[in-house]
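Here is a briefing on one protein structure. Look at the sequence and the model, then read the points below.

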Amino acid sequence: MYITCLDVEGVLVPEIWIAFAEASGIPELKRTTRDEPDYNKLMNWRLGILKEHGLGLKEIQETIAKIDPLPGAKAFLDELRSFTQVILISDTFTQFATPLMEKLGWPTLFCNTLEVADNGEITGFKMRTEQSKLSTVKALQSIGFETIASGDSYNDLGMIQASKAGFLFRSTDKIKADYPDIPAYETYDELLAAIRNAMTEA
């Protein structure tokens, strides 16, 4: 009884904040969880920059509407879902992710939600639970599932290390060097093969 848990940004779709940093011409917004392990700190810092520039949800959603999944991502996900249950676990927000989930064929997504004022200003964010990726994997294990996990950032390490099998995917050289015991892959074919192998090992 396997469930594969995948990170979203950097694995299936481009990093939303990087795309928005480029569209808005605000390079500071390129910081992601690859750079800053403390997600609350990162998000509060981002919201401060948005406020300073008078930018809100509408502007970010306009950028997201133009983003497509990474080349090969939908085919990879379709193939993966043909032989295992899959849950996407992301620290992103429903208001950001919905257009991208449509382009991926509406996979199951566990993420968070933004607090948005009537004028469109993002005033805060509500995390689904503490350490949402690790907590989700542990909860799935508690009801009888074996988990396989993959992601690219610091905030994916908990679920990767707690799973029966876990893989880094298109991660940074620093994370790969810091965690040499975690197999690291660059292509969807490699990741599919690794997940299949993990499921056939007793």
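Which residues are buried in helix α1 (residues 16-24)? They are I16, W17, A19, F20 and A21. Buried means under 20% relative accessible area, exposed means over 50%, and partly exposed lies in between (1.4 Å probe, protein chains only). Helices (H or I, at least four residues) and strands (E, at least two) are DSSP runs, numbered from the N terminus.

This is a predicted model, in which local features need pLDDT of at least 70, side-chain atom pairs count only at pLDDT 80 or more, and totals for chains, interfaces and linings use all residues. Residues are numbered from 1 along each chain as its sequence is written, and side-chain values use heavy atoms, with hydrogens and water left out.

**Helix α1 and the cores**

- The buried residues of α1 pack against α2, α3 (57-64), β2 (85-93) and α5 (94-103).
- G25 follows α1, and its phi is positive, near 70°.
- In soluble globular proteins, nonpolar side chains tend to be buried together.
- A nonpolar core is a set of buried Ala, Val, Leu, Ile, Met, Phe, Trp, Tyr and Cys residues joined through side-chain atoms within 4.5 Å.
- The largest nonpolar core has 50 residues. Those with the most contacts inside this core are L12, L50, I60 and F96.
- Another core lies apart from it and has 14 residues, including I87, Y154, L157 and M159.
- Take L50, and leave aside its neighbours within four places in sequence. L50 is then in contact (heavy atoms within 4.5 Å) with W17, F20, L29, L55, I60 and I122.

**Aromatic pairs**

- A pair of aromatic rings is described by the distance of the centres and the angle of the planes.
- Rings of Phe, Tyr and Trp (its six-membered ring) pair if their centres lie within 6.5 Å. Planes under 30 degrees apart count as stacked, over 60 as edge-to-face, and the rest as tilted.
- By this rule there are six aromatic pairs.
- The rings of F167 and Y185 have centres 5.6 Å apart and planes at 55°, so this pair is tilted.
- F167 sits in strand β6 (residues 165-169) and Y185 in strand β7 (residues 184-185). The pair links distant parts of the chain, 18 residues apart.
- F167 is buried, because its relative accessible area is 6%. Y185 has 21% relative accessibility, so Y185 counts as partly exposed.
- F169 and Y188 form a stacked pair, because their ring centres are 5.1 Å apart and their planes are at 25°.
- F169 lies in strand β6 and Y188 in helix α9 (residues 188-200), so the pair ties together parts that are 19 residues apart in sequence.
- F169 is buried at 0% relative accessible area, and Y188 is buried at 8%.
- Ring pairs also link W17, F93, F96 and F125 into a cluster.

**The largest pocket**

- Pockets and cavities are found on a 1 Å grid over the protein atoms alone. A cavity is a set of points where a 1.4 Å probe fits but cannot get out. A pocket is an open set with protein on both sides within 12 Å along at least five of seven lines. Lining residues have an atom within 4 Å of a point.
- Grid points are joined across faces, edges and corners, and a volume is the space filled by probe spheres set on the points.
- The largest pocket has a volume of about 410 Å³.
- It is lined by 17 residues, and Y39, D91, E130, Q131 and S132 are the closest to its centre.
- α2 (39-53), α6 (132-142) and α7 (157-162) each supply at least two residues of this lining.

**Cavities**

- The whole structure holds two cavities of 30 Å³ or more.
- The largest cavity has a volume of about 160 Å³. Its lining has 18 residues, and E9, E15, T33, Y39 and D91 lie nearest its centre.
- β2 gives the most to the lining of the largest cavity, with four residues.
- The second largest cavity has a volume of about 40 Å³. L47, L50, K51, L55, E121 and I122 line this cavity.
- The largest share of that lining, three residues, comes from α2.

**Helix α9**

- N197 is found in helix α9. At 44% relative accessibility, N197 counts as partly exposed.
- N197 and A165 are 32 residues apart in sequence and 9.6 Å apart in space, C-alpha to C-alpha.
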